[in-house]
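Thanks for making time this morning. I would like to walk through one structure and stay close to what can be computed from its atoms.

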Amino acid sequence: MEIFGIWIAAFLTLCIYSVLYRDNPFYRFAEHLFVGISVGYGLVIAFHQGFLPLAWEPLSESVGALWAEITRSATPETKAALIGLFKIIPIGLGLLFFARLSPRHAWIISYPTAILIGFSSGVQIPNVLQADIFEQTRGTLTPFAAMHAGTIPPEETAGVVIGAIFMVVGVICTLTYFFFSVEHRGPIKWFSKVGIAFLMIGFGAAFGNTVMGRAALLIHRVGFLINDWLGTIF
């Protein structure tokens with residue numbers, strides 16, 4: 001079975017890389033298989049880790065507790081489960097997403113979408129401010145605070161000073177490029193041009209990192225084909 005799995009993996013790998021020649025049925029088969037398995041796996045995970053423990057089980061316990069309350073056989077433990085009846089509200093909002101399947105009632109989906117976006121924005125905006133604004137500002141000023149406190153070794157002071165100044169200049173110039181309330185003339189124009197250079201360097205580094213990641217993936221798959229797959233033959 002291990003050798004059989006290696007052959008299946010090698011076949012699908014070759015099918016995916018066959019698109020380098022041209023689009024063909026083998027590539028489309030592997031692509032559709034990958035998408036189908038991913039969706040099926042995601043649905044199973046969502047059902048077992050989302051729907052069952054977060055919706056079905058508490059709701060069923062609440063219905064049982066409600067029935068026990070009606071028949072006057074409820075205990076303090078079962079009464080505590082009645083709070084799960086509030087699960088009906090998010091469950092109902094989630095079911096409204098299926099209104100998209102009906103062209104006549106597709107407008108209903110705007111309500112759960114608005115609630116979802118509003119809730120997500122309220123949760124994410126403070127986190128983004130903390131991570132991307134406050135922490136970045138603190139990281140920019142930390143070297144100057146360390147120099148002022150004298151916690152940097154003397155032999156490293158020059159490098160830290162140059163790096164800190166370079167960082168501050170890059171931050172200010174990059175922010176100036178995105179400051180459109182003032183016309184870019186004179187010094188602001190030159191600051192924005194320096195900001196463009198910093199942006200290009202940042203984008204180039206990100207693109208280079210992406211290319212290296214894809215190249216590493218290619219090397220890994222080629223090594224798999226040579227060592228594992230062809231190793232089973234020779």
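Which residues make up the largest nonpolar core? Bearing in mind that this is a predicted model, the answer is a set of five residues, namely I6, A10, F224, L225 and W229. Two elements, helix 1 (2–17) and helix 7 (187–233), each give two or more residues to this core, and helix 7 supplies the largest share, with three residues. If we follow W229, and leave aside residues up to four places away in sequence, we find that W229 touches I6, W7, A10, L14 and F224.

S192 counts as buried because its relative accessibility is 5%, where the cut-off for buried is under 20%. Its side chain reaches the backbone oxygen of K189 at 2.6 Å, and, again not counting residues up to four places away in sequence, S192 touches C173, T176, Y177 and H184.

Now to a pair of helices. The axes of helix 5 (residues 110–149) and helix 6 (residues 157–177) come within 9 Å of each other and cross at roughly 150°, and the crossing of these two helices is left-handed. On the side of helix 5, the contact is made by G139, T140, P143, F144 and M147, while helix 6 brings V160, V161, A164, I165, M167, V168 and V171. Sorted by class, the contact between helix 5 and helix 6 has 10 nonpolar residues and two polar ones, with no charged residues.

Notes:
Residues are numbered from 1 along each chain as its sequence is written. This is a predicted model: local features need pLDDT of at least 70, side-chain atom pairs count only at pLDDT 80 or more; totals for chains, interfaces and linings use all residues. Side-chain values use heavy atoms; hydrogens and water are left out. Axes are lines fitted to C-alpha atoms, for helices over the stretch in contact, and angles run from 0 to 180 degrees between N-to-C directions. Helices (H or I, at least four residues) and strands (E, at least two) are DSSP runs, numbered from the N terminus. A crossing is left-handed if the near helix is turned anticlockwise from the far one by less than a right angle, and right-handed if clockwise. Contact means heavy atoms within 4.5 Å. Ala, Val, Leu, Ile, Met, Phe, Trp, Tyr, Cys and Pro count as nonpolar, Asp, Glu, Lys and Arg as charged, and the others, Gly among them, as polar. A nonpolar core is a set of buried Ala, Val, Leu, Ile, Met, Phe, Trp, Tyr and Cys residues joined through side-chain atoms within 4.5 Å. Buried means under 20% relative accessible area, exposed over 50%, partly exposed in between (1.4 Å probe, protein chains only). A polar contact is a pair of N or O atoms within 3.5 Å; within protein, one must be able to donate a hydrogen and the other to accept it, and residues adjacent in sequence count only if both atoms are side-chain atoms.
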